[in-house]
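Open the model in your viewer and follow the stops below. Each one says what to select and what to look for.

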Amino acid sequence: MTTMDSRQHKHIRTRILGAVALVAAVGLTAACSAAENKGASSGAIEPRAGQGIGPGALPNAPKAPPTKCGPEATSAAWNGSLPGPNDPVTPGGTLDKIRKRGFLIAGIDLNTELFGYDPQHDNNPQGFDVDIARAMARAIFGSDGHIQFRVVTLADPKTGEYAQLHSGNVDLVVQTTTITCARMEGAERMNFSNPYYTAELKLLMARGDDGKPRSTSLAQLKGTDTKVCATLNSTPVAEIKKTLGDAAAFQVPNALDCLADLQQDEVGAVYTDDALLRGMESQDPHVAITTAPAGESQPYGIVTNYTSPANDLTPFVNTALANLIQDTGPNGWRSLFATDLHSQPASLPEIPAQYPLGG
């Protein structure tokens, strides 16, 4: 593995520490400013009914429920046209409470370059997840400026998405969260929207001595005693343990920690969603996603609180997301993808054949 010199390490490490310090400054209960979305319209937006929504509540969705634990989420769509800001909704329901508060509270991550981060360190979060959350607030209120952000830590027992939703600290979470059966039906049950982004599991390593990305796959690391980093309790951890053994999995609280550990030779590789790895590549030219074929698809969903009887936010979000995906304007899914992820989408988000993941 190519090793970076100490000055490169110091420079990159300084930037990372700056990002971590930002998260600490924002805190878990402090709301960031309700910054306006770049390029977003400030005028009223006429809510539209879901158009072309199939049984899976996505355009071109499969006609049959995908798996045993999929129907609850994938069939949830708003019955009829989405209500405008002044249209009646169920009194005392989740949407009614959000409207009376005057803003949506969205849980996000600030450690994921391109998806959720604060590039200017001015409490103005940016990224694809952030803009998806802003789009949901716009669908509820018909205009921008009705959102607050709170930091959520993936799967953490106290600060994770379940704890924050269950305690009412946030209304929804948009945080590169993979939709799995365990999260939909486990002890800490949550509701998921249909996918708004489909990632693939890939491997990140230091570039080869020729400066090009390596061709190494996760399976090829078997027997090499290589430590492979992934976010604590994330779906890639199980794949690392299954392929290389439990001792190979190096778990950290935040994905960005993996980049620091790779730079400091604490680990030999990072295995996680390509969406997260793209952000790491953009921060460090000495690392690259390997050219090996991708692993399992990772559909990301917007997470809402599970309640019985069902609340009205989940079907609203599903239908608003379907509208967003079909919107070809400057605030539509395609435009947000191109602006935030710096590339054109190859396709619309899809429900993978094995969706939801896990058992």
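## The whole chain

Start with everything shown. Of the chain's 359 residues, 53% count as buried. This is a predicted model. Colour by secondary structure: the chain has eleven helices and nine strands. Now think about contacts between residues with a separation of 6 or more: 71% of these join residues 24 or more positions apart.

## Two packed helices

Select residues 128-141, helix α4, and residues 333-341, helix α11. Their axes lie 9 Å apart, and the helices pack at an angle of about 150°. Angles over 145 degrees count as roughly antiparallel, so that is how α4 and α11 run relative to each other. The crossing of α4 past α11 is right-handed.

Next, show side chains where they meet. On the α4 side, pick F128, D131 and I132. On the α11 side, pick W333, L336, F337, D340 and L341. What kinds of residue make up this contact of α4 with α11? Six are nonpolar, two are charged and none is polar.

## The cores

Stay on F128. With M136, Y196 and Y197, F128 touches the most other members of the largest nonpolar core, which has 58 residues. Helix α4 gives this core its largest share, ten residues.

Now centre on Y196. Beyond its neighbours within four places in sequence, Y196 contacts residues including F128, I132, V174, Y300, L321, W333 and P349. F128 and I132 were also picked in α4, and W333 in α11.

For the last stop, select L218, A230, V237 and A248. They are among the 14 residues of a second, separate core.

How values were computed. Residues numbered from 1 in each chain as written. Predicted model: local features only at pLDDT ≥ 70, side-chain atom pairs only at ≥ 80, totals over all residues. Heavy atoms only, no water. Axes fitted to C-alpha atoms, helices over the stretch in contact; angles between N-to-C directions. Helix = DSSP H or I, 4+ residues; strand = E, 2+ residues; numbered from the N terminus. Parallel < 35°, antiparallel > 145°, perpendicular 65-115°, else oblique. Left-handed = near helix turned anticlockwise from the far one by under 90°. Contact = heavy atoms within 4.5 Å. Nonpolar A, V, L, I, M, F, W, Y, C, P; charged D, E, K, R; others polar. Core = buried A, V, L, I, M, F, W, Y, C linked by side-chain atoms within 4.5 Å. Buried < 20%, exposed > 50% of the residue type's maximum accessible area, 1.4 Å probe, protein only.
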